[in-house]
Amino acid sequence: PAMERGTIVHDTLELLYKKIQNSGLVMTREELHTHIETKMIAFRDRYNAVSELPLSAEIYADELDISKSMIDRYYDSYYPFNQTKINWLEQNINFDLPNGAKFRGIIDRLDFQGDQAIIVDYKTDKSIAPYGTFTETYQQQLTSYAVWVMNNYPHVVKSVTGKLIYLRLQQEVTWEISPDML
């Protein structure tokens with residue numbers, strides 16, 4: 001259920017920004033809640049169809065409440081959602097690493113602000129990772145994304161910033177991805 005909650009919250013934020021991109025209109029909090037409820041009902045039904053033990057009403061209600069509260073905190077923090085120019089949402093990327101391995105990932109959101117790219121990654125974690133774990137996982141993840149951005153947008157991008165938005169904690173961690181890191 002927690003993994004599905006993360007997927008639903010990401011999907012809800014993608015829907016919010018796609019609506020803004022397509023029509024210039026901002027969805028209401030209630031519309032976002034309705035979307036979450038619809039997705040959670042579909043998940044519950046899929047889960048119950050394959051599980052020996054149905055999803056309890058208590059767990060379902062908790063996951064629904066957590067999802068809505070993350071969206072509410074995000075809404076309160078970023079409304080009217082016009083801080084940067086959104087280039088794209090939920091972009092699958094693939095490229096070969098110098099050692100021949102293949103890198104695959106999904107960038108939640110890529111924004112532009114002048115000649116700066118901002119790679120936004122939403123996290124639904126309960127806590128912020130300690131520095132060692134953070135540098136080995138999230139910082140490396142976004143730095144790898146930055147390599148892809150710099151290789152694909154050299155005509156537009158001069159610098160890249162990584163931004164993790166911890167939705168449960170209403171906390172943002174931002175850092176400049178330096179050429180040395182790349």
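**Figure 1. Volume of the largest pocket in the predicted model.** Two elements, α1 (2–23) and β3 (116–123), each give two or more residues to its lining. Of these, α1 supplies the largest share, with 5 residues.

**Figure 2. Residues lining the largest pocket.** The lining includes Ala2, Met3, Gly6, Thr7 and His10. Tyr122, Lys123, Thr124 and Asp125 also line the largest pocket. Sorted by class, the lining comprises 3 nonpolar, 4 polar and 2 charged residues.

**Figure 3. Secondary-structure elements of the protein chain.** The protein chain contains 4 helices and 5 strands. Read from the N terminus, the elements follow the order α-α-α-β-β-β-α-β-β. The radius of gyration of the protein chain is 18 Å, close to the 16 Å given by the globule rule for 182 residues, so the chain is as compact as a globular protein of that length. The C-alpha trace spans about 50 × 40 × 25 Å along its principal axes.

Figure 4. Of the 182 residues in the protein chain, 42% are buried. Among contacts with a separation of 6 or more, 63% are made by residues 24 or more positions apart. The accessible surface of the protein chain amounts to about 10000 Å², and carbon and sulfur atoms account for 52% of this area.

Definitions and conventions: Residues are numbered from 1 along each chain as its sequence is written. This is a predicted model: local features need pLDDT of at least 70, side-chain atom pairs count only at pLDDT 80 or more; totals for chains, interfaces and linings use all residues. Side-chain values use heavy atoms; hydrogens and water are left out. On a 1 Å grid over the protein atoms alone, a cavity is a set of points where a 1.4 Å probe fits but cannot get out, and a pocket is an open set with protein on both sides within 12 Å along at least five of seven lines; lining residues have an atom within 4 Å of a point. Ala, Val, Leu, Ile, Met, Phe, Trp, Tyr, Cys and Pro count as nonpolar, Asp, Glu, Lys and Arg as charged, and the others, Gly among them, as polar. The radius of gyration is taken over C-alpha atoms; the globule rule is 2.2 Å times the number of residues to the power 0.38. Buried means under 20% relative accessible area, exposed over 50%, partly exposed in between (1.4 Å probe, protein chains only). Contact means heavy atoms within 4.5 Å. Accessible areas come from the Shrake-Rupley method with a 1.4 Å probe; for residues, only the protein chains shown count as cover.
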